[in-house]
Amino acid sequence: MGREPMSAEPMGAEEFGELASSIRLAMNGVMDGKPDAVDTALAVLLAEGHLLIEDVPGVGKTMLARALARCIDGSVNRIQFTPDLLPADITGVSVYRQQLGTFEFTPGPIFAHIVIGDEINRASPKTQSALLECMEEGLVTVDGHTHALAAPFLVVATQNPIEMEGTYALPEAQRDRFMARISIGYPDAESEARMVRDREHGSPLERLAPVIDVTGLRRMIATVREIYVSPAVERYAVAIVQATREEPALRLGASPRATLQLVRAARARAAMDGRDFVLPDDIDALATTVLSHRMLLVPRAQHPDGRPARSVDEVVERIVAATTVPVPSAGG
Amino acid sequence: MRETHRVRTSADPRSRTGAGFALSAAVLLAVGAALTSFSVVLDEGGWLLSALVTVAAVIAAGALVRYRVRVWRPLWSVLGAATAGVVSLQLQFAADTTLLGIVPLVGTLERAQELIRAGEVSIAEQAIPADADAGLRFLIAAGAGVVALLCDAVATLSRRPALVALPLLGILAIPVVLAPGALPVLSLLATAAAFLLVLALHRPAVNGGSAGVRRALLVGASVLVAAVVVPPALPPVVAGAVVPGGGIAGLSTGINPVLELGDDLRRPTAVTVLRYSTDQSAGLYLTLAHLDEFDGQTVQPVAAGEPRALGEIGPPAWLGAAVERTEVSTRIQLESVRTRWVPLPSAPVSLAGLAGEWLVAPDGVTVQSSEGVLREGAYTVQSLDARPTVAQLEAAGADQAGLESYRAVPDVDPAIAATAREVVDAAGATSPYSQALALQRSFTGGDFVYSEDAPVEGGYDGSGADIVATFLEVRAGYCVHFASAMTLMARTLDIPARIAVGFQPGDENPSVPGEFVVSSNDLHAWPELHFDGIGWVRFEPTPSRGETPGYADPTAAVAGDEAGEPDDAPTEPEEPASGEEETDAAEGTDDDPTGIPDLIDGGNDGQETGATGARFALDARALALAALALLALALVTPGVWRVVRRARRRRSRNPVERWREVRDTARDLGLPAEPTRTPRALAARWAAVAGLDADLAAVLDAVEERAFAGRRSVPEAEPPEVGAVLRGLRDAVPWWRRAVAVVAPLSLLDRASLEQTEPRPTPVVTRL
């Protein structure tokens with residue numbers, strides 16, 4: 001299977017907007033009262049990143065991943081990670097064909113446009129690494145043969161932060177591969193009630209029809225790539241990331257990859273907002289989602305005012321709030 | 001984090017060490033240059049050397065420690081420098097009390113306390129230029145060491161080398177404050193140059209490369225200009241002010257007591273110099289020195305004799321045998337004064353109570369210390385009160401030999417001699433005495449005005465021969481001018497004459513009868529003329545100052561006897577003196593506007609009191625006005641600056657400029673305007689407070705397009721007006737907030753204003 005060409009014609013802002021809102025509409029029909037999670041998921045898809053969903057069981061992690069997959073008329077595979085899952089179960093194996101007398105590669109579930117990795121922290125580190133390598137490189141090498149993955153290629157991994165027994169939590173280096181981490185959270189009472197009513201007659205997923213095909217998605221991705229990022233916004237993003245490296249409450253600051261992904265995600269958000277340029281607001285809105293999961297708090301971390309820092313999110317929010325937004329008078 | 005830190009310190013290229021030493025040298029230069037400014041307030045002496053040695057020790061130790069030590073460098077550097085400073089001070093001032101010159105013992109501390117106390121006393125009591133005695137030298141060296149420590153630490157350990165200017169300005173402020181007239185321009189320039197050198201040598205990369213250096217140079221230059229321009233422009237309000245560690249500075253007379261006389265008279269608050277009690281019913285003139293040699297800007301004291309012990313020092317040789325005299329005993333108690341000259345009544349005979357060696361000028365008689373100054377204590381003087389009669393004086397000639405130095409007329413404007421001749425001829429005076437009276441009358445007759453400030457303003461404040469011609473033209477001055485003029489004029493008429501400097505009698509202490517209190521305002525100078533067979537006779541040409549002696553005051557006869565003949569002087573000298581005493585007391589209490597007789601000159605009449613009061617009132621009013629004007633200026637400046645900025649930004653076709661105006665207005669009004677928020681976030685918050693969604697949206701779109709969209713080919717359309725938004729923001733806050741925004745626009749302080757290309761307002765430098 002050859003890697004599909006990624007180059008595609010960018011589309012106009014109007015067309016992009018229409019498509020984006022119809023995807024959002026469709027997904028919001030499935031994910032009641034979670035527009036932020038939907039937006040982020042879509043932004044990650046359009047920014048060619050991978051998404052980590054971390055939350056307690058039953059709030060719709062897998063539902064979100066599957067809704068996203070359903071909206072796109074592309075191939076979708078789902079891998080349930082278990083402790084005995086092996087790398088070959090993900091990437092595929094070379095099988096000896098007696099009739100032909102050759103080895104033939106049988107692609108694993110990773111060869112799809114959207115791969116849902118459920119409970120990724122249940123698999124052994126070896127298996128996790130296999131997945132993460134594919135995510136980073138877009139390639140699979142089995143028995144000396146390199147196989148390109150599908151394009152677009154999105155991994156949506158979920159993990160459960162509560163049940164830690166017998167799991168292998170992803171180390172920071174591997175979490176860094178995900179563009180964003182979201183948690184979905186419990187729905188509010190109204191949404192939950194509506195959910196009860198809706199699902200009496202089967203899963204809403206069943207009713208979800210694909211909104212866009214792979215070609216359309218590629219064009220959307222190409223459009224996002226064209227979004228303009230002004231030097232002022234670049235400076236702003238870099239300033240935020242650098243501040244995380246100097247932050248005493250954090251054990252390790254964010255990597256340059258984080259900066260890249262932050263700006264890419266901001267591009268997608270700008271495009272979804274109907275703009276052809278990125279605003280500092282896009283950076284602000286995405287900083288926590290894109291940066292937090294890459295960093296760890298130091299033990300007994302504190303804010304400068306002496307309060308204990310309870311989460312990385314909190315620290316990143318504070319950094320964002322304290323970073324000066326450049327508003328240059330000369331354009332560009 | 002720790003990792004990167006270690007990397008930073010271990011990668012320490014050799015060149016940086018060299019740069020570090022160069023920077024230390026520059027700091028040394030700067031502190032040294034600043035210290036030289038003390039030369040305007042201190043007599044020459046070892047103070048500069050001891051201060052420089054301390055400074056050099058501190059800075060060198062700091063540099064060496066930084067060169068050797070790798071861990072906790074700032075701490076060790078400051079500790080090492082401080083230790084070096086202390087050791088240097090010990091070696092210079094208390095080497096004998098220490099162990100091997102390094103380890104301080106108990107005696108060292110005691111010595112330090114002594115020196116500090118002595119220094120404080122010096123500061124409190126000395127006038128300018130002061131003697132740099134051990135106490136002062138110690139204080140200066142210690143202070144210089146502290147300043148050097150600060151400068152060194154700031155320059156080498158902080159990222160803000162410009163802060164070095166603060167301690168340096170601290171040094172420079174002292175002479176500027178103490179001697180407002182004598183600005184040490186050279187020291188100032190040298191300090192500024194060294195300061196700029198410090199800025200240039202401070203690793204430029206840290207400060208943003210050449211831009212940092214440029215900005216530093218700009219700031220340095222503007223500070224320099226302000227420092228040169230502002231202090232002379234300020235009114236000298238500090239004379240007689242409280243000196244640190246002292247209290248009100250006492251009176252001090254240097255080698256030549258006439259030099260500082262004007263300044264002492266101009267003190268806003270008088271200090272009590274001494275008290276004396278005498279068995280004579282009226283007060284006494286106390287003489288400090290006689291001056292006879294005119295040289296340009298000043299007059300030099302009469303030459304003194306060899307050092308000798310006191311005791312019998314008179315009677316003076318000049319006192320004529322025929323002159324009636326009474327013996328007077330006076331006890332003098334010194335208070336706030338440092339003087340080389342012993343205040344004595346005229347014609348002293350013997351002096352008891354002062355030990356040691358003294359220089360006695362036999363012509364006076366005056367007594368001068370051979371070394372050091374007389375500061376406190378009491379002594380008793382027996383003197384002769386000579387009372388020549390008018391008849392004796394009328395008959396006396398002025399041809400006695402041996403008085404050539406008192407007849408010498410320096411090379412001066414011939415107008416002086418011409419004026420003297422004119423006055424004498426107009427009065428038809430032929431005898432030396434009547435000529436002297438004519439001269440005196442020409443000064444007191446109303447044509448001349450007493451003024452302590454006119455000479456300063458007119459640029460002829462001094463005592464020498466050069467200023468007399470100017471004084472005769474302007475006809476305003478104080479005692480020194482009157483005395484100099486009359487002395488010179490008498491000499492042109494071939495009458496031996498000299499200037500006496502001392503105190504007029506002062507006020508009688510209301511609670512202790514017979515005791516007189518002499519204050520710094522009683523400092524006085526008067527001419528003394530010599531008549532054959534009689535001796536030196538005091539005259540009083542200064543209008544409204546002092547007591548005219550009976551023999552020299554023809555108008556006293558009018559007051560006392562109501563006789564019409566002006567030349568008919570009283571033969572009884574005691575009468576006018578006591579009479580004047582009475583009128584003085586009566587008028588003093590009536591006319592004294594302040595009701596504090598102690599503060600007003602003794603011996604002056606009501607007119608003088610009124611004039612002095614008015615002058616002080618005028619000064620106070622002028623000062624208050626100036627202060628008000630400054631205050632008003634300070635209040636108005638930010639607002640005006642803000643209005644100008646607003647107008648320029650609203651005119652700008654750049655939507656970002658207009659946006660900044662909106663943001664700064666919000667900041668001024670106390671609305672959210674943090675530079676850490678995005679324009680969109682701010683707009684949302686303003687919309688929540690003030691409504692204005694449509695107007696705000698237009699402004700916001702424009703600024704986002706311009707700042708972030710990167711479209712260089714945007715047609716230069718007129719950006720949306722911000723007027724409505726500004727009005728809306730203003731309407732959204734209470735009235736007092738708007739008032740604050742007008743008077744104190746906080747946005748002027750924001751660092752965000754640095755983003756703009758416009759220069760920041762020049763900092764207002766006020767005198768420390």
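This is a predicted model: local features need pLDDT of at least 70, side-chain atom pairs count only at pLDDT 80 or more; totals for chains, interfaces and linings use all residues.
Let me start with chain A. In chain A, take the contacts with a separation of 6 or more: 80% of them join residues 24 or more positions apart. Chain A has 332 residues, and 45% of them count as buried. Its secondary structure comes to 13 helices and 11 strands.

Now the cores. The largest nonpolar core holds 126 residues. Which residues touch the most other members of it? They are A:Leu46, A:Leu64, A:Leu68, A:Val156, A:Leu262 and A:Ala265. Helix α11 of chain A, residues 256-272, gives this core its largest share, 9 residues.

Leave out residues up to four places away in sequence. A:Val156 then touches A:Leu51, A:Ile53, A:Ala65, A:Leu68, A:Ile114 and A:Ile116. A:Leu68 we have met already, in the list for the largest core.

Next, where the chains meet. Chain B puts 21 residues into the contact, and chain A puts in 20. On the chain B side, three helices each supply at least two residues: α21 (655-668), α22 (679-690) and α23 (693-708). Of the chain B side, α23(B) provides the largest share, 5 residues. By class, that side of chain B splits into 10 nonpolar, 4 polar and 7 charged residues.

Last, a helix pair in chain B. Two packed helices are described by the angle between their axes and the distance between the axes. Here the pair is α3, residues 47-68, and α4, residues 73-93, both of chain B. Their axes come within 8 Å and cross at roughly 150°. Parallel or antiparallel? The cut-off for roughly antiparallel is over 145 degrees, so α3(B) and α4(B) are roughly antiparallel to each other. The crossing of α3(B) past α4(B) is right-handed.

Who makes that contact? From α3(B), the residues include B:Ser50, B:Val53, B:Ala57, B:Ala61, B:Gly62 and B:Arg66. From α4(B), they include B:Arg73, B:Trp76, B:Gly80, B:Ala84, B:Ser88 and B:Gln92. Sorted by class, the contact of α3(B) with α4(B) has 9 nonpolar, 9 polar and 2 charged residues.

That's the tour. Questions, please.

How values were computed
Residues are numbered from 1 along each chain as its sequence is written. Chains are lettered from A and ligands numbered from 1 in the order in which they are written. Axes are lines fitted to C-alpha atoms, for helices over the stretch in contact, and angles run from 0 to 180 degrees between N-to-C directions. Helices (H or I, at least four residues) and strands (E, at least two) are DSSP runs, numbered from the N terminus. Angles under 35 degrees count as roughly parallel, over 145 as roughly antiparallel, 65 to 115 as roughly perpendicular and the rest as oblique. A crossing is left-handed if the near helix is turned anticlockwise from the far one by less than a right angle, and right-handed if clockwise. Two residues are in contact if their C-beta atoms, placed from the backbone, lie within 7 Å. Ala, Val, Leu, Ile, Met, Phe, Trp, Tyr, Cys and Pro count as nonpolar, Asp, Glu, Lys and Arg as charged, and the others, Gly among them, as polar. A nonpolar core is a set of buried Ala, Val, Leu, Ile, Met, Phe, Trp, Tyr and Cys residues joined through C-beta atoms within 7 Å. A residue is buried if 20 or more other C-beta atoms lie within 10 Å of its own, exposed if 12 or fewer, and partly exposed in between; C-beta atoms are placed from the backbone.
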